[in-house]
Amino acid sequence: WDTVEDERAQMSAVEFARERLGWWDQAKGGAVIPLAKWSPLGTQERTISGQIALMVDVTLNRSHAVIGVCGDAGGVPQVEIGSMGEGTDWVVEKVDRMLADHEVLAVGARSAGPVASLLPDLRGVCKDAGVDFVKVGSTDFGGQCGAFYDAVMSGSLRHMADPRIDGPLAAARKHQVLDAWTWERSRLPADADAAPLVAVTGAHALYAQYARVTVSDPLQNIW
């Protein structure tokens, strides 16, 4: 990831999406979220302070796991990747540390799929910390995806300009679920697994659901 991150730092969001992700303003087949809406909401600053919500997900091939974060950044919810790494054996310990170090409102994960193997242990560390653990079913996740889409299209969300999110978003497709849709998981390029997008989408929704006004320590936003 170091080379990719270096390139991202040297390019604008538009340049990076075009050069590295092959994402043009009028993408083939039509992007779910257009670049023209997504890129202006990006920032290089980690400005989240205070309360946060977390969402955990795992790639379909179980090669990586990701923890999405959402919190307040100057009155606007900001999403970013709190941690992403190979395998899954590190996830529960990392969530446990984040619960101890930050004011976590809730932790979520999909109720089925690759992340399901982590649900009992995630529930356990959340119970020990006195923090709600939310299993997100397909119907609820459809609502979360809709809320994320609406927030981007209306400009009421901020994101870290991160290629680990930008790539899956560029490749994102809709998976129809009754009268709603979620992020497609299976019919995507091998290098564009939707897990990071799933994680920040869920974190955004949980933060919106659980956030409350409080006086917080800005030093708590160091993951």
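**The chain as a whole**

Please keep in mind that the model is predicted. The protein chain carries eight helices and nine strands. It has 223 residues, and 51% of them count as buried. If you look at contacts between residues at least 6 apart in sequence, 70% of these join residues at least 24 apart. The accessible surface of the protein chain is about 10,500 Å², with 49% of that belonging to carbon and sulfur atoms.

**Aromatic residues**

A search of the whole structure turns up four aromatic pairs. One of them brings together Phe148 and Trp183, whose ring centres are 6.5 Å apart with planes at 80°, so this pair is edge-to-face. It links distant parts of the chain, since Phe148 belongs to helix α6 (residues 138-154) and Trp183 to strand β9 (residues 180-183), 35 residues apart. Both Phe148 and Trp183 are buried.

Tyr149 and Trp181 make up another edge-to-face pair, with 6.1 Å from centre to centre and 90° between the planes. Here too, distant parts of the chain are linked: Tyr149 is in helix α6 and Trp181 in strand β9, 32 residues apart. Is Tyr149 buried or partly exposed? Tyr149 counts as partly exposed because its relative accessibility is 25%, and the cut-off for buried is under 20%. Trp181, with a relative accessible area of 14%, is buried.

The two pairs can be set side by side:

| Pair | Centre to centre | Angle between planes |
|---|---|---|
| Phe148 and Trp183 | 6.5 Å | 80° |
| Tyr149 and Trp181 | 6.1 Å | 90° |

Along with β8 (174-177), α6 and β9 each supply at least two residues of the lining of the second largest pocket. This pocket has a volume of about 240 Å³. Which residues lie nearest its centre? Of the 14 lining residues, these are Arg110, Ser138, His175, Thr182 and Arg185. Sorted by class, the lining of the second largest pocket has six nonpolar, five polar and three charged residues.

**A covered helix**

Helix α7 (residues 163-171) is mostly covered, and nine of its nine residues are buried. The buried residues of α7 include charged side chains as well as others: among them are Arg164 and Asp166, together with Pro163, Ile165 and Leu169.

**Two single residues to look up**

Ile67 sits in strand β3 (residues 64-72). With 0% relative accessibility, Ile67 counts as buried. Ile67 and Met84 are 17 residues apart in sequence, and their C-alpha atoms are 6.3 Å apart in space.

Arg46 has its place in the loop between β1 (42-43) and β2 (49-58). Why does Arg46 count as partly exposed? It does so because its relative accessibility is 38%, a value that falls between the limits of under 20% for buried and over 50% for exposed. Although Arg46 and His159 are 113 residues apart in sequence, the distance from C-alpha to C-alpha is 9.3 Å.

Methods:
Residues are numbered from 1 along each chain as its sequence is written. Side-chain values use heavy atoms; hydrogens and water are left out. Helices (H or I, at least four residues) and strands (E, at least two) are DSSP runs, numbered from the N terminus. Buried means under 20% relative accessible area, exposed over 50%, partly exposed in between (1.4 Å probe, protein chains only). Contact means heavy atoms within 4.5 Å. Accessible areas come from the Shrake-Rupley method with a 1.4 Å probe; for residues, only the protein chains shown count as cover. Rings of Phe, Tyr and Trp (its six-membered ring) pair if their centres lie within 6.5 Å; planes under 30 degrees apart count as stacked, over 60 as edge-to-face and the rest as tilted. On a 1 Å grid over the protein atoms alone, a cavity is a set of points where a 1.4 Å probe fits but cannot get out, and a pocket is an open set with protein on both sides within 12 Å along at least five of seven lines; lining residues have an atom within 4 Å of a point. Grid points are joined across faces, edges and corners, and a volume is the space filled by probe spheres set on the points.
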